[in-house]
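I opened the notebook with a plain plan.

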There are 2 protein chains.
Amino acid sequence: MAIRLHQSDADFEARFAALLAAKREVSEDVDSTVRTILADVRARGDQAVIDYTARFDRLPLTPETLAVGEAEFAAAELAVEDKTRAALTLARDRIRAHHERQKPQDDRYTDALGVELGSRWTAIEAVGLYVPGGTASYPSSVLMNAVPAKVAGVDRVVMVVPTPDGVVNPLVLVAAKLAGVDELYRIGGAQAIGALAYGTATIPPVYKIVGPGNAYVAAAKRQVFGTVGIDMMAGPSEVLILADGANDPDWLAADLLAQAEHDTAAQAMIMTDDAALADAVEAAVERQLKTLPRGETAAASWRDFGAVIVVDDLEAALPLANRIAPEHLEIAVADPEPLLAGVRNAGAIFIGRSTPEVIGDYVGGSNHVLPTARSARFSSGLSVLDFMKRTSILRTGPEQLRALGPAAITLAEAEGLGAHARSVAIRLNL
Amino acid sequence: MAIRLHQSDADFEARFAALLAAKREVSEDVDSTVRTILADVRARGDQAVIDYTARFDRLPLTPETLAVGEAEFAAAELAVEDKTRAALTLARDRIRAHHERQKPQDDRYTDALGVELGSRWTAIEAVGLYVPGGTASYPSSVLMNAVPAKVAGVDRVVMVVPTPDGVVNPLVLVAAKLAGVDELYRIGGAQAIGALAYGTATIPPVYKIVGPGNAYVAAAKRQVFGTVGIDMMAGPSEVLILADGANDPDWLAADLLAQAEHDTAAQAMIMTDDAALADAVEAAVERQLKTLPRGETAAASWRDFGAVIVVDDLEAALPLANRIAPEHLEIAVADPEPLLAGVRNAGAIFIGRSTPEVIGDYVGGSNHVLPTARSARFSSGLSVLDFMKRTSILRTGPEQLRALGPAAITLAEAEGLGAHARSVAIRLNL
């Protein structure tokens, strides 16, 4: 049973604040272990990566077998059903089409003084993509990370995925091919992050690393940040549904459970102005849990982190929703636009009763790599911009330098930077 | 004396690689000290911040005197010369005008299937700006950080600046006012980062923290990353000048020294196809060093990290420049556009002989917070986008769900996510 809150209750604010503050993940302190692994990979390169892979993944490798080869890609193609391949291709095409629209425009202009200013976008040359192994190894995530990188124009998209005991997920290989991944290495953990960041004899370094991973991978990314760029820290998934009373409780229950089944630390929440709907959804969740393949995981998530919040009216739910800043927000009402206008903090919003969040996970076209754990207050889902960088361009001719130079000299002198002042003054014969 | 490399020398590649790999900063291991301070601020709030400020800044404070008050702002206004205030105002206005152009466009559209997709940008509600104390307390940096935040639409721009022994830099206060900073607290170090990230009774928390600081500040930002967003890690400044033989060596020497005077770890480099110019610039640097107020700092930087690189021709310099990925790149040639087109990695580019980098530090309008230490390979200078986040919007009606739903179900089943499949199937009566 999820917790139930009523906005009209006297202790609502305290209980809502506690819900916001609840930690859903145990943060293991793996920093020193990771530091040792990274230093070892930096020092010993391929051999360190091979040693750790033998130890952690029980997989003997050589420099020659670090990379997944063409024969394995071909075998993976044969192992994947046509229907699945077609669905992955549809997803790839829709993700590509949507992300093409995110490509930024360069801007170059001359202002009233005659100063030329500009911003120019270029793709990062080489990017690493971490894909977890085992049950969290999702082909859809390969597409969501690699397709925007390729749309951005990244030359080398380098994927790593651990294959414990040598077990390869053919769907992941097929997705990598469809997405245009350039190199794929069968390594994982902190040792893979080290190989990507520092490079080895076999694996040239990349400049940025994206993708989710376990505590070791997250700690390794945090430690190599600066040497390379990294994306946001991914936490367990969450959904918040804003629903009026006219919804089918079974549809909403299915959406809640689609989040809950990800992870016992996932969080599924619903806010409604209709207490009867709240009851019906809770009953439907219990009913559906009984026939769910991942029912145990979903039940634990719903029990520990699920929330049913009855609000005075849905407009009054907006400030609460913005404090939650959910990764996924469904607005399941007849006319969602007014509520949509009031949302400030959310990773992605799914509007109307016929837009289950799951469409966005796979084939909507938008990205499913989204900010979790309230980080939608300050960060965005993955986009083409994450694979590009902007260079500014400035040009002053002699006339513009005469106009602006004296102010620059004044500020340089105020900051005690004599050589700064001189580099302008010398050009103005001052 | 800076090092001298010739592209035609047999050992060039090895020496250039060594130049790239040189570490200019000693990274102090302050992680455990910082961890203690952050935990203490989180637990004890204001009182912890006050205790650390008394200890590190020798400044006794109360919750009431944490914030800088209106009387102090008024006193600062009186302490700053009109000419300086006018220069700051010009800088503010030019920075604002340029950054207004960076505001992203929302995108909402319907694709051929009838699926509605969108991206909506909103400002981060509250942002913290760290400003170092002492000699590195630059009013220009206050403008460069706070103006883009205000252009983005940030509601609360919260600045912290340590004032050791109670010494306040009036220029910093005036710049804060001009930039529209909403709150200003006289605290610094890891304790200030903790106060911004976790909030205290007096200082409400922010959602993102930007701005440079010492090793303690950098470590604290890395540790609170996730709880809040952070900007890039700022390292010592650097410039690379690409110059043909027709330059005035004294102008170029002045530009090199403007970087070198920042910090003994700063790096000033020049690449030219004219060995005689290289000699003349080196001589001019030595000459100018003698009359520079911060000559000792600049001389140490030039001696330890300066580089003069003679290349076969300037086109051949481009791959080298892209490997360096300089924070600042000057292209001092008659026709800079062809070289400009070949630059992929640089924080900011200053083109033509009359665009000293210093103009960009103050009054050009572009931002002077730029990626250092080769991070221009994967990151950008500060912009309005750093103070906003993007929410994606998706809507499928029943017809679009019928078109896309089966592929989503196929992928959900392939990934073993039964509740995902059900949340689509239930709406299609499958």
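**Entry 1: the chain interface.** I started with the area between the chains. About 10,600 Å² is buried between chain A and chain B. Carbon and sulfur atoms give 55% of that area. I note here that this is a predicted model.

Which residues of chain A lose the most area to chain B? I found Arg344(A), Phe378(A) and Arg427(A). Together these three make up 8% of what the chain A side buries.

Next I looked up the residues in contact. Chain A puts in 126 residues, and chain B puts in 126 residues.

**Entry 2: charges and polar pairs across the chains.** I looked up the salt bridges between chain A and chain B and got 12. I picked out one of them: Arg108(A) and Glu337(B) meet through their side chains, at 2.6 Å from N to O. I then turned to polar contacts. There are 71 residue pairs in polar contact between chain A and chain B, with both residues at pLDDT 80 or more.

Entry 3: I checked for strand pairing from chain to chain. Strand β13 of chain A (residues 348-351) runs parallel to strand β14 of chain B (residues 388-395). Three bridges join the two strands. What stands opposite Ile349(A) in β14(B)? I found Ile393(B) there.

**Entry 4: domains of chain A.** I moved on to the domain division. Domain 1 of chain A takes in 3-25 + 235-364, domain 2 takes in 31-103 + 123-230, and domain 3 takes in 396-425. I looked up the C-alpha centres of domain 1 and domain 2 of chain A, and they lie 32 Å apart. Six residues of domain 1 and seven residues of domain 2 make the contact.

The area buried between domain 1 and domain 2 of chain A is about 510 Å². Carbon and sulfur atoms give 51% of that area. On the domain 1 side, I list Tyr362(A), Val363(A) and Gly364(A) as losing the most area to domain 2. Together they account for 66% of what that side buries.

How many salt bridges cross from domain 1 to domain 2 of chain A? I got zero salt bridges. I did get two residue pairs in polar contact across this interface, both residues at pLDDT 80 or more. By class, the domain 1 side that touches domain 2 has two nonpolar, three polar and one charged residues.

**Entry 5: the sheet in chain B.** I traced an open sheet of five strands in chain B, with the order β6-β5-β4-β7-β8 and parallel pairing. Its edges are β6 (183-185) and β8 (229-230) of chain B. Each has a single partner strand, so one side of each is left without a neighbour in the sheet. I followed β5 of chain B (residues 156-160) to β6(B): the two pair in the parallel sense over three bridges. Val160(B) stands opposite Tyr185(B) in β6(B).

**Entry 6: the sheet in chain A.** I then traced chain A. An open sheet of five strands has the order β6-β5-β4-β7-β8, with parallel pairing. Its edge strands, β6 (183-185) and β8 (229-230) of chain A, each pair on one side only. I looked at strands β4 (residues 126-130) and β7 (residues 208-210) of chain A, which pair in the parallel sense over three bridges. Leu129(A) has Val210(A) as its bridge partner in β7(A).

Definitions and conventions: Residues are numbered from 1 along each chain as its sequence is written. Chains are lettered from A and ligands numbered from 1 in the order in which they are written. This is a predicted model: local features need pLDDT of at least 70, side-chain atom pairs count only at pLDDT 80 or more; totals for chains, interfaces and linings use all residues. Side-chain values use heavy atoms; hydrogens and water are left out. Contact means heavy atoms within 4.5 Å. Buried area is the accessible area (1.4 Å probe) that two parts lose on being put together, summed over both. A salt bridge is a side-chain nitrogen of Lys or Arg within 4 Å of a carboxyl oxygen of Asp or Glu. A polar contact is a pair of N or O atoms within 3.5 Å; within protein, one must be able to donate a hydrogen and the other to accept it, and residues adjacent in sequence count only if both atoms are side-chain atoms. Two strands pair if DSSP finds at least two bridges between them. Helices (H or I, at least four residues) and strands (E, at least two) are DSSP runs, numbered from the N terminus. Domain bounds come from an automatic or database domain assignment. Ala, Val, Leu, Ile, Met, Phe, Trp, Tyr, Cys and Pro count as nonpolar, Asp, Glu, Lys and Arg as charged, and the others, Gly among them, as polar.
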